Amino acid sequence: MSSDARIVKETFALLEPNADRAVAYFYGRLFAEQPRLRALFPPALDAQRDRVLRVLTRLVWSLEEPAAFEDRLRRLGREHRKLGLCREHYPAVGAALVATLRRFAADAWNPRVEAAWTTVFAAAARTMADAAEADAARTPPWWLGEVVGHERRRHDIAVLTVRPGQPLPYAAGQHVTVQTSRWPRVWRPYSVANAPRPDGALTLHVRAVPAGWVSGALVRHTAVGDTVMLGPAQGDMTLDRAGERDLLLVAGGTGLAPLKALAEQALAADQGRRIDLVWGARTADELYDLPALRTLEAACPALRVIPVTADDPGSGGPHGAVPDALKRLEDLPAADMHAYVCGPAAMVARTVRTLRELGVPPDRIAHDEPDLDAAVAGLGPVAAAGITRS
């Protein structure tokens, strides 16, 4: 790791006790010096501040892995296109960031530290801007999509089908960000629940969360014929990393969406590959897509669907927490499969630990990185990725 990267990491660690105040100061400084940038951000910044801090933390701590650091920056640059952020804006962002660090690093700040941060940010800005400009030659910054299907599966869950006006490239297991007309400049990530189709349509599983601006709008205030905006596909939880191995797909709640897409793609490519899909929910009523999964299972002998309920022992399937249910599946050759996990963060963490205990090598366990892969929020108004989507 370079000396500049080491200085950046050490200085950034000093912000932790005042992280909330520092991020608020950063936005205040940025908008005071560049008022026109305020229009690119959502009306309320409270949630955005937390997300930006988490993403920035991940970026700083990935400095010791240059390839991963640059890959994340390239994704950020591409994602910034739909927000209107471009090369000309980065100097103002960098100046506000340095001013914030200067204020909150206190006695640890000196010319050498300022030079290190300036150098690292300038290189990062070039990487993001170059990636954005290269991407602009191939794809639009966002897509308009027509809602062609809207099913309320529960009071708080809807399954939407959206058809983009022009092809939106994606792979099974990835997610897109969504903006509704009800909440301009507010984007939220949702995994695509189907493998790519000839008509280009995307199916999204959306749970309305408390105070969720976009999720509430999509579940309760969206209908067939409405238009939404879609950001570019993101995420590395794709099937190519599994090779030819059998698959173990472990989902919690609406974390089912990307795993259902992976199952569809795997079944279409190879009917002989064994696929076990374990899907957990609190009650049988929350297994909102089980009839569709049973239909898919009946048509594909290689697929086995195993519903698990935590609070409903009469549901007919395994009962308890998903990680505990995995331990009780005696005919599951977990050590010989490639595992994908998606769901609430605590469930994902416990499941990953359980899979390792069952003998699955760490390099054969895939899961999205909350707060980065789907969010790639960087300095712009994009939500945190992962499982809780508002």
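**Exercise 1. Is Ala 106 buried, partly exposed or exposed, and what is its relative accessible area?**

Solution. The model is predicted: local features need pLDDT of at least 70, side-chain atom pairs count only at pLDDT 80 or more, and totals for chains, interfaces and linings use all residues. Residues are numbered from 1 along each chain as its sequence is written, and side-chain values use heavy atoms, with hydrogens and water left out.

Step 1. Buried means under 20% relative accessible area, exposed means over 50%, and partly exposed lies in between (1.4 Å probe, protein chains only). With a relative accessible area of 48%, Ala 106 is partly exposed.

Step 2. Ala 106 belongs to the loop between H5 and helix H6 (111-136). Helices (H or I, at least four residues) and strands (E, at least two) are DSSP runs, numbered from the N terminus.

Step 3. Most residues other than glycine have a negative phi. Ala 106, which is not glycine, has a positive phi near 55°.

Step 4. Arg 185 also has a positive phi, of about 70°, although it is not a glycine. Its place is the loop between strand E3 (175-179) and strand E4 (188-191), and at 31% relative accessibility Arg 185 counts as partly exposed.

**Exercise 2. Determine how the rings of Tyr 25 and Phe 104 are arranged, and which parts they tie together.**

Solution.

Step 1. A pair of aromatic rings is described by the distance of the centres and the angle of the planes. Rings of Phe, Tyr and Trp (its six-membered ring) pair if their centres lie within 6.5 Å; planes under 30 degrees apart count as stacked, over 60 as edge-to-face and the rest as tilted. The count by this rule is seven aromatic pairs.

Step 2. The centres of Tyr 25 and Phe 104 are 5.8 Å apart and the planes stand at 75°, so this pair is edge-to-face.

Step 3. Because Tyr 25 lies in helix H2 (residues 19-33) and Phe 104 in helix H5 (residues 90-105), the pair ties together parts that are 79 residues apart in sequence. Tyr 25 is partly exposed at 23% relative accessibility, whereas Phe 104 is buried at 12%.

Step 4. Phe 31 and Phe 41 are likewise edge-to-face, since their ring centres are 5.3 Å apart and their planes are at 70°. Phe 31 lies in helix H2 and Phe 41 in the loop between H2 and helix H3 (46-61), so this pair ties together parts 10 residues apart in sequence. Phe 31 is buried at 14% relative accessibility, and Phe 41 is buried at 2%.

Step 5. Phe 26, Tyr 27, Phe 31 and Phe 41 are linked by ring pairs into a cluster.

**Exercise 3. Describe the second largest cavity by volume and lining.**

Solution.

Step 1. On a 1 Å grid over the protein atoms alone, a cavity is a set of points where a 1.4 Å probe fits but cannot get out, and a pocket is an open set with protein on both sides within 12 Å along at least five of seven lines; lining residues have an atom within 4 Å of a point. Grid points are joined across faces, edges and corners, and a volume is the space filled by probe spheres set on the points.

Step 2. The whole structure holds two cavities of 30 Å³ or more. The second largest cavity has a volume of about 130 Å³.

Step 3. Its lining has 13 residues, of which Ala 22, Val 23, Phe 26, Leu 56 and Leu 97 lie nearest the centre. H2, H3 and H5 each give two or more residues to this lining, and H2 gives the most, with four.

Step 4. Ala, Val, Leu, Ile, Met, Phe, Trp, Tyr, Cys and Pro count as nonpolar, Asp, Glu, Lys and Arg as charged, and the others, Gly among them, as polar. The lining of the second largest cavity divides into 12 nonpolar residues, one polar and no charged.

**Exercise 4. Trace the pairing of strand E1 with E2 and E6.**

Solution.

Step 1. Two strands pair if DSSP finds at least two bridges between them.

Step 2. Strand E1 (residues 143-154) runs antiparallel to strand E2 (residues 157-164), with eight bridges joining them. His 150 stands opposite Leu 160 in E2, and E1 and E2 form a hairpin with two residues between them.

Step 3. E1 is also joined to strand E6 (residues 227-230) by four bridges, again antiparallel. Gly 145 is opposite Val 228 in E6.
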